[in-house]
Amino acid sequence: MSPPLVLGLESTCDETAAAFVRGRAVLSSVVASQHDLHAEYGGVVPEIASRAHAERVLAVVRAACAQAGASLRDAEAVAVAHRPGLIGSLLVGVAAAKALSWSLGVPIVGVNHVHAHLDAAFSAEDDPRELSPALGLVASGGHTALYACVAGRDPLRLGGTLDDAVGEAFDKAAAILGLAQPGGPAIEALAAEPGADAAALPLPVSRLGRDSLDFSFSGLKTAVLYAVRGVPRPPREGVVHEPPPPLTPERRRDIAASFQAAAVRALRLKIERAIASRAGGPEAFRGLLAGGGVIANRAVRAMLAEAAAGAGVHLRLAPPSLCGDNAAMIGLLGARRLAAGRADDLSLLPSPVAADA
Ligand code: KG4
Ligand code: ZN
């Protein structure tokens, strides 16, 4: 018997997305991004996001049906990202999923958006039990955290950012450099230009104590700000403050490369620390999973490949098409939960926080 056709819905932040999956096969994936609506405010405006989700959700579901060559009536379950995220945005997706579940007479299954980023790393051929326990890294605009992933259980959070997410730091560094949003791809492109010098600027990588698996990216962001605008110091007699060097195209390129290298070093430090903390023991990690928007970055992917090879663990990276927010990953984890008998019912509620945040 073929696995059920699952409609996935995603509306946790500023992407309205719908997808059809069957088992691990993605049959369609439609993402309507709201970047243009929030651009002039320099960040996501929750009220605008909720309204845009409400306006777009049905059209996006219809587009996912058309792309999959399916009718809404073919859906055998509805999976919806119900946490964590902006509450008004989540409400739209959860209300739509409940309406579809009720009217189609099919089960509804709530999916943790962050866990879905991790699940997207498994390929269709993988049996998660063979990679279990795996260390999971979610690196996106809203989240940067490490998880212990044991097959059949919800991922357990080991540590995470104390301030900015790494994707947010990419976005802020790009804004400081006058680049377009979202900043991650813009920084990556500049850093990859010939001649870009990743060692041009000494930038900080936070360690946060010997055993910490937490991250901090606000110091790195501030260092980029000071490199571009100069270091603010209270005026003192006899001290002459040099203005920062002009932001020539070469300097902008070098700052982008230095920032990206520092962000990659910060991720690597904690991944290696986490793997080393269990190495040789009964719970030693066998796999390294990574997902989220920042995992689309080629320098990050290359670092993860090196770290996994160095530690002798199997690496699974979400494919670039499943890195940024999308509904296919929601459908995929929803299908897994459904198969494990973990469906929800119409009492499902959205929540702004991850249960284990
Ligand atoms: O997973 P995602 O779409 O949304 C959240 O759950 O936050 O991640 C978006 C984040 C943004 O901060 C964006 O700048 C970053 O992922 N991002 C990248 C790249 N592509 C997207 N960061 C670095 N390099 C990239 N190529
Ligand atoms: Zn996300």
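This is a predicted model: local features need pLDDT of at least 70, side-chain atom pairs count only at pLDDT 80 or more; totals for chains, interfaces and linings use all residues.
Start with ligand 1, whose space is the largest pocket. Then visit histidine 82, which sits in strand 4, glycine 287, which sits in strand 9, and serine 71, which lies in a loop.

**Polar contacts of ligand 1**

- Look for glycine 141 again here: a polar atom of its backbone is 2.8 Å from an oxygen atom of ligand 1.
- Glycine 184 also uses its backbone, with an N or O atom lying 3.0 Å from an oxygen atom of the ligand.
- Serine 140 takes part through its side chain, where a polar atom lies 3.3 Å from an oxygen atom of ligand 1.
- On its own, ligand 1 has 560 Å² of accessible area, and the protein covers 86% of that.

**Histidine 82**

- You can find histidine 82 in strand 4, which spans residues 77-83.
- Is histidine 82 buried or exposed? Its relative accessibility is 12%, and because buried means under 20%, histidine 82 counts as buried.
- A polar atom in the side chain of histidine 82 lies 3.0 Å from the backbone oxygen of leucine 349.

**Glycine 287**

- Strand 9 covers residues 287-291, and glycine 287 is part of that strand.
- With a relative accessible area of 1%, glycine 287 falls under the 20% cut-off, so this residue is buried.
- How far apart in space are glycine 287 and arginine 56? Their C-alpha atoms are 38 Å apart, and the two residues are separated by 231 residues in sequence.

**Serine 71**

- Serine 71 has a relative accessible area of 33%. Buried means under 20% and exposed means over 50%, so serine 71 counts as partly exposed.
- The side chain of serine 71 reaches the backbone nitrogen of arginine 73 at 3.1 Å.

How values were computed
Residues are numbered from 1 along each chain as its sequence is written. Chains are lettered from A and ligands numbered from 1 in the order in which they are written. Side-chain values use heavy atoms; hydrogens and water are left out. A polar contact is a pair of N or O atoms within 3.5 Å; within protein, one must be able to donate a hydrogen and the other to accept it, and residues adjacent in sequence count only if both atoms are side-chain atoms. Accessible areas come from the Shrake-Rupley method with a 1.4 Å probe; for residues, only the protein chains shown count as cover. On a 1 Å grid over the protein atoms alone, a cavity is a set of points where a 1.4 Å probe fits but cannot get out, and a pocket is an open set with protein on both sides within 12 Å along at least five of seven lines; lining residues have an atom within 4 Å of a point. A molecule sits in a cavity or pocket if more than half of its atoms lie within 2 Å of its grid points. Helices (H or I, at least four residues) and strands (E, at least two) are DSSP runs, numbered from the N terminus. Buried means under 20% relative accessible area, exposed over 50%, partly exposed in between (1.4 Å probe, protein chains only).
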